[in-house]
Amino acid sequence: MAKHAQVIIVGGGPVGVGLAVDLAMRGISSILVERRVGMHNIPRGQNLTQRTLERFYFWGCVDELRAQRLLPPEVPAAGVTAYQHLMSDHWHVFAGREAVGQYYFQKNDRMPQYLLEGVLRRKMDTLPLVEQRFGWAARNIEQDSNGVRVTVENEAGDRSTQVLEADYVVGCDGGHSLVREQAGIKRGGSDFDQVMVLAVFRSREFSDGLNKRYQLLSTYRVLDPALNGYWEFFGRIDPEEGFFFHAPVPASTTRDNFDFAALVHKVAGFKFKCEFDHVGFWDLKVAVAEEYRKGRVFIAGDAAHSHPPYGGFGLNNGLEDIANLGWKLAARLKGHGGEALLDSDRKSTRLNSSHIPLSRMPSSA
């Protein structure tokens with residue numbers, strides 16, 4: 001017999017788990033399907049906006065979230081921009097999101113995404129209306145006038161399959177969304193044909209070198225005319241030794257054929273000992289779905305819009321997606337909202353990213 005809930009959520013990152021939490025607190029049952037059992041330990045999505053902290057306030061876990069912060073509370077989301085390297089004579093410190101804090105109910109904050117995910121998962125554990133299927137992957141999505149059916153496979157176990165049924169399904173399953181693809185939702189955007197590196201490393205020598213020159217800040221970035229608008233920058237993970245680093249690299253770059261230590265030394269402007277915990281690559285592109293709804297199928301987060309991983313915009317926008325969608329689904333399922341309400345999520349605002357110079361893309365990572 002098929003398992004039934006009111007909503008099936010495919011994807012258990014912060015957007016999917018956030019939607020499960022939001023729906024449960026509105027009295028709506030869901031089944032969350034996520035192939036990962038654990039969480040990524042890459043410090044992406046660090047900058048959390050004031051609106052995001054408001055969501056956590058209403059979910060009843062904002063204090064727990066703030067307690068996860070690794071940087072001292074007085075360290076702002078501000079950063080320094082220098083010319084050619086961080087030891088240059090030409091640099092300035094720019095304001096962070098704290099500059100507009102007085103206009104919001106909650107202050108912004110900063111921490112690696114995996115810490116935020118941990119808070120959301122623990123909140124979800126307290127909500128009996130959420131059935132969690134970690135280690136399961138969605139394989140097929142079907143819909144008709146009566147509901148949706150999602151075939152899932154137990155990847156972490158015996159590879160058994162099961163059919164889940166619901167009134168609606170929401171794809172929170174990332175840029176390569178199976179839900180979006182099987183719903184036939186198209187997306188477009190711009191590919192800048194540039195490979196970027198994300199390196200995570202530890203170095204007390206680098207931290208000490210920065211502290212001798214600058215106050216303790218969140219990000220340190222470098223602009224160089226030779227990069228044609230692309231930037232190189234470091235972000236702090238903790239106040240002692242943890243950093244991440246973004247920079248453009250040649251298309252042929254691999255983990256084994258490139259001297260990443262030499263690159264970070266060049267951008268820093270001095271040499272230091274460092275240990276790399278992660279080296280990965282991503283393609284600089286922007287993509288937006290043409291619609292966010294197809295019948296009983298919805299998409300949210302990176303499934304709907306993919307961003308460069310700067311400023312935490314993908315994470316924050318994704319949480320705004322589900323904050324907007326959650327109350328609408330609850331209203332429809334409880335009978336006091338109509339199809340026109342859900343249709344307000346159908347069309348996206350198409351982003352023509354070719355009109356956004358890279359040098360003007362927000363850079364607070």
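Accessible areas in this presentation come from the Shrake-Rupley method with a 1.4 Å probe, and for residues only the protein chains shown count as cover. On that basis the protein chain exposes about 16200 Å², with carbon and sulfur atoms supplying 49% of it.

Colleagues, please note that this is a predicted model, in which local features need pLDDT of at least 70 and side-chain atom pairs count only at pLDDT 80 or more, while totals for chains, interfaces and linings use all residues. Residues are numbered from 1 along each chain as its sequence is written, and side-chain values use heavy atoms, leaving out hydrogens and water.

I begin with the overall form. The radius of gyration, taken over C-alpha atoms, is compared with a globule rule of 2.2 Å times the number of residues to the power 0.38. For 365 residues a compact globule would have a value near 21 Å, and the protein chain agrees, at 21 Å. Its C-alpha trace spans about 65 × 45 × 45 Å along the principal axes. Of the 365 residues, 55% count as buried, meaning under 20% relative accessible area with a 1.4 Å probe, protein chains only.

Next, the secondary structure. The protein chain holds 9 helices and 20 strands; these are DSSP runs numbered from the N terminus, helices being H or I of at least four residues and strands E of at least two. Two strands pair if DSSP finds at least two bridges between them.

S18 runs antiparallel to strand S19 (residues 297-299), joined by 2 bridges.

A further open sheet, also of mixed pairing, comprises 8 strands in the order S6-S5-S14-S15-S16-S13-S17-S20. Its edge strands are S6 (91-94) and S20 (305-306).

Which residues cover the two faces of S15? In a regular strand the side chains alternate between the two faces of the sheet. Trp231, Phe233 and Gly235 lie on one side of S15, with Glu232, Phe234 and Arg236 on the other, and all are buried. Strand S15 (residues 231-236) is therefore largely enclosed by the rest of the structure, 6 of its 6 residues being buried.

Finally, the neighbours of S15. Strand S14 (residues 219-223) is joined to S15 by 5 antiparallel bridges, with Leu223 opposite Trp231. S15 also pairs antiparallel with strand S16 (residues 242-249) over 4 bridges, where Phe234 stands opposite Phe245. S15 and S16 form a hairpin, with 5 residues between them.

Terms used: Buried means under 20% relative accessible area, exposed over 50%, partly exposed in between (1.4 Å probe, protein chains only).
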